[in-house]
Each structure stands twice: as C-alpha cells, then as structure tokens.
Amino acid sequence: MSRQITLSNGNILVAFDEKASLTDFFYPYVGVENHVRGDAHKIGIMCNNSFSWLSDNEWTVSSTLQKDTYIAITHCYNEKHSVELIFKDCVYNEKNIFIRDIQVINHSDKEIACKLFFHQVFSIYGTPQEDTAYYDPNKNAIIHYEGRRMFLVYAESSAIPFSDYSIGLYGIEGRVGTFKDAEDGILSKNPIEHGHVDSVCAVDMILHKKETRTVFYWTVVGETKNEIEDLHNYVLYKRPEPLIESTEKFWNAWLNRQNYIACKDDGELLALFNKSLFYIRGNIDNRGAILASPDSSLLQQGRDTYSYMWPRDGALTVMALLLVGEYNISKHFFKFCNDVIERDGYLMHKYKADKSLGSSWHSFVKNGVPILPIQEDETALVVIALYQYYEKTKDIDFIEMHYNDVIRKMGIFMSEFIDEQTGLPLPSYDLWEEKHGISTFTASTVYGALIAASKFASLFQKEHDVQLFGEKAATMKEAIVKHLYDKDLKMFVKLINKHGSGYTKDMTLDMSSIYGIYTYGVLPYDDRLVQESIRTIESKLVLHDGITGVPRYQKDYYFMRADGVSNPWFITTLWLAQYYAVTAKDEKTLSKVTQTLKWVNQHASKSGVLSEQLHPYTGEQLSATPLTWSHAEYVRTFIMYEEAKKRLSIC
C-alpha cells in the first residue's frame, strides 16, 4: 500500500498506509535505518467476541492532517459493530517519542465489550534475525532491541497499563507471527523471544451505550535501556495529552511564521500548500539531508527505495522553501553538500542521510572510456539555490564561509567540464538519470550556476573568478541556442551526443528541456523560442484525454500502466503552470494555473500526500508516495500563483 501519512521530528520518521498501519520507522536519521520496512504494525479489535483487523474490509479508514499542524487524524468506522476509532497521532517535536491518542466510540445503544490489540514487528538495523523482544514487568512495557537500537512499546486505558501481551516468532520456523495469537482474543503471555520476532499487547474496556473511552499508545526509541526508560518515564510523568498539544502548537507556530500571504478565496489550494510544507519538513533530517521519499513499498518493485538525498531534489526543495522564508533548513542542506563534495568540485548521484554514498546505476565507463558517473545538474542546482538563499537573507558571513569550499570549487569544475568545440557542458547523465549526453536541462542549469558563481565572486571582488565564470556562461548561452534548439521540431531537444566532429540529436519532447531554459535564465519567458517551444509542448506532450496532465517526456515507460501512454507527473504538470503564472497578463490566462492547482488537489490523496506520477486514465497514484519534490513544486507554483494574482490586482 502507498503511504498516506508521514510524521517526523527530524530524527525519527514514521509512515502509515491506507489502513492506519505503521509501515516505516526511521531512526536515528530520516531516511537511514528503517526499522519496520513495510511489515505493517497491525491494529486489531475484538467487539463482543468478534475480532477484526483495521486492514480488513469491514473497516472504513480515512486519514488526513489536522488543520494547520503536523498531527495526523484517522477515522476508522466499523458499521457492523457501530464502533469508531479516532486516532490522533504525533511524533513529539522535542524527543524521540511516537504517540497515538485513540478515541474508542460506541455509537450503538448497547454495551460492548472491547479489546484493542497493538501489533509490532521490527526489523532493527535491517537484520531481524538478530532481534530480541521481551516483556518488562517492572515497566509494564514490551521492549524490542538489537545492539544500540532499543524500542519500548506501551499502551494504557484510563491510566491502566495493557492487560494482555505475547511475544513470538515472525515468519520463521513455521510461525506466521504472534499477531495470529490475537485473533481468538486471548494472548499467550510468552515473555521473550529472539530472532525475527513480533509482539502484541492489548487493552480491555467496556463501552456503555454511546460511550467514548480513550486509549494511549506510545513507542519511544533510543540507544540504551536507560535512555528508553527515561523517555517512557517522561511520558508517564508529563502525560500524552500535553505532549500532543505541545507538538500541535509548535507546528502551528512553525507554519504561521512562514512569509507568504494567500488570497482568501484559495482555501482548498492553501490547505494543500500547508500540508505540503509539513510533508516536506517531515522528510528532512535535522542534519541537512532532504529525503526524496520515505516510501519503502518501492522495494516490491525489486531494487531499492527513494530513501536517499539527491542533491537535485534537495536543491529544488530548498528553492521552494526559500519562497516561504524557511532559511534554517537551507543552511543545513548547504553544509551537507559542503561535507560530501568531491575534491574536484562535483556532487555524486545521491547520498544517505548520514552523508555516506547512496546506491547508483551511473556507470564510470561508457564505450570503454572512463566517464564521471554524475548528473552535472545536481552540482549546478546547489549553486543556484545558494545564490537564491543569499538574495533572500543577505547572509554574507555564511556565503563567505562556503565560497572557497563550495561555490568556487563547483564554479571551476563547471568551467572546466566543457566541450571546447561546442561550448556546452561535457556529457553527463540527464535529469531523469537515464541517458548520458549533453542535455538541454543540464546545460541550462550550468549556465544559471555560472551566472550565480560570477555574482558571488563579484561580492568578494574576486575579479579573476568573475571573468572566468561570466565568460564561460556567456559562451554557454550562445551554444545552447545554437546547438540545442531545433527549428523543425520547434523545441529545444532532449539532448545531443557527439560522434567525431558532429553530433546526433535526441528529438524526444521533454518538459525539462524548455523548463530549464526559462527557469534558469537562458532566455526570458517572452522570448520567441520559448513561446514556440511551449506551443509544441502543449500540442504534442500534454495529455488531452484521461486525467490530462504533463508526462516527463514522450514514450516514458517508467511505471507505465496504460500501453503506449506515458504517465503524467505532478512535477512536470506544475512546471508548465509556473510558466503560465509568470506570463499571465489577465485573469483568463491565469486560470490555467488555477486549473492546474485544482487538478493537483483533485489527484492528491485524502491526506494530502502527492506521489511522483499518476495513472493517465484512473488517476491512481504511482511510484514513491509522498515525493518531496512533488510537494516542493506545488509550494513553488502556489507562491508564483499568489504573486501573479497580486501583480494582476486579482486578489
């Protein structure tokens, strides 16, 4: 199942599927060490001797974020028993504590005997065969641990600890899992097990007619037994309600300090904007890594997840956050890049949140010749984002600290990584990480980065750098128009590849090609070639049936579900809307942006999460969910939309 909710405090991140089951638990980094990894923690209930899991069809489950704060609200209703569960979930912003406040409601006129079951199955360090779980009678808690990762689980009703429990083997030695022990309503109280283990605890209650009872559940995580016991005692002493309330207030204050003003009639669009800010922040580790997506369900596709930091996604997310006045996250991101930059001044494909190198499919060799396994746009976009940070903050001290180690080093690399014959960047992997060549998008970002590097050099009166970066940028701008625009296609090409003294063009229509041209300043929005390219995109790439939207490029087979029809992406659809927002001269033209933002809202999940792409006919969310980049582009587009309305005196 796709992820419907994520909650985080920058050290731990938890994710839930469509049935309110916890499916991912990252600690101590957002994106590194997923201790659940898709084996859902199940919630079960027995009502008058009839047992069911919330994942069963008899339950209707709907999740969202509480208005203007980073708290999850989930409604679960069972018509058969007239019982409703309302979860209020939070990750405490100050300490590594995950809390669930569950209201158990009897909507019937009869008394109901209820028993609520909480199932846990950890895969600590990703090596579940080495885990241990045991019941601690002194703390009335269940503890799962391996090495320096310890989880304490506790549940109570009316301040009375859970009354029943059991621990056993999960998926080994012929055992399905201890969760099966819950289905008869009675747990065996097995106190300890090791290997791949799971546990269940349960609370009993009697619900009189129309009565509501409150159940609290929490998990604390730390490195030592003393640490988790201290955290557990902290919750017992402070009580869950004040901790949840404190978290609500913190995130509400975080949201309301953002520097934006929305028109009053944009309520629905604003709600998704606010949720997007929370989902973005939740996917950012406190040490600077901006996670692409925490969705571990992608492992079912056979290879890897999106639980990495791509410098590209990170830089583009920072650019969106800068528009709403979020500067602190940006500084941590740039420090991260400073720490991982290669000696020669470029960034690699992707990284883990602990700053180690991420997995990759970028080869070091092409046709027997050594190449750099990079996407040069990932280096360039960091410089562009850093200059946008400076424009917003005028933080000259921070820029000076990073001039030699990041800005100048990257600028020199980009100035030297150039084909002398064409004036374009040397080949690297394209934005979509698929093809190796000289892409229009990459060339556009390098041009924008060289301009930014030149401006930085001017700040510090580094005349040699000013001249070097400025001249290389000017030459590259001419080369982009000369070599990458095709008059017959009436569009900038996807990429070119050199062969001897000439080169071949990849004529695939790609939204990123024209987006790079107008976004990073190669040509202005109103330039004839830009307008011509946009018309080509509108007529030949935009989907005009099904759910509509804009695919990445023609014949994109990644996650294709409809034979021969490429999936629309939130990102590329919003890119086209950004063009309309900047060029709109009246309300009629701006309505294209309005419709796109409404389109995104229509295809977002009920909880507000945005995936990477959509089925072109059903609108089903596909691939990583939530995708930080999708939310970042929505935030960016919404801000540009509001600025356009203000410019046109519509608001």
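**Helix packing in a predicted model**

Start with helix α12, residues 570-583, and helix α13, residues 587-603: their axes come within 8 Å and cross at roughly 160°. Axes here are lines fitted to C-alpha atoms, for helices over the stretch in contact, with angles from 0 to 180 degrees between N-to-C directions. Helices are DSSP runs of H or I, at least four residues, numbered from the N terminus.

Some ground rules. This is a predicted model, where local features need pLDDT of at least 70 and side-chain atom pairs count only at pLDDT 80 or more, while totals for chains, interfaces and linings use all residues. Residues are numbered from 1 along each chain as its sequence is written, and side-chain values use heavy atoms, with hydrogens and water left out.

Back to the pair. α12 and α13 are therefore roughly antiparallel (under 35 degrees is roughly parallel, over 145 roughly antiparallel, 65 to 115 roughly perpendicular, the rest oblique). Which residues of α12 and α13 meet? From α12, Phe570, Thr573, Leu574, Ala577, Tyr580 and Ala581; from α13, Leu590, Lys592, Val593, Thr596, Leu597, Trp599, Val600 and His603. Contact means heavy atoms within 4.5 Å. The residues of this contact divide into ten nonpolar, three polar and one charged. Nonpolar covers Ala, Val, Leu, Ile, Met, Phe, Trp, Tyr, Cys and Pro; charged covers Asp, Glu, Lys and Arg; the others, Gly among them, are polar.

Look at Val600, in helix α13. Buried or exposed? Val600 is buried, with a relative accessible area of 0% (buried is under 20%, exposed over 50%, partly exposed in between, with a 1.4 Å probe and protein chains only). Leaving aside neighbours within four places in sequence, Val600 touches Leu272, Phe570, Leu574, Leu610 and Tyr634. Trp569 is 31 residues from Val600 in sequence; their C-alpha atoms are 10.0 Å apart.

Next pair. The axes of α6, residues 376-393, and α8, residues 440-459, come within 8 Å and cross at roughly 40°. α6 and α8 are therefore oblique to each other. Their contact has 14 nonpolar, three polar and three charged residues. Among those meeting are Ala380 and Tyr387 in α6, and Ala449 and Phe456 in α8.

Last, α7, residues 396-416. Where is the kink centred? On Tyr403, with a kink of about 75°. A bend at a residue is the angle between axes fitted to the seven residues ending there and the seven starting there. Tyr403 is among the buried residues of α7, along with His402 and Val406. The buried residues of α7 pack against α5 (328-340), α6, α8 and α9 (463-484).

Note on methods
Helix = DSSP H or I, 4+ residues; strand = E, 2+ residues; numbered from the N terminus.
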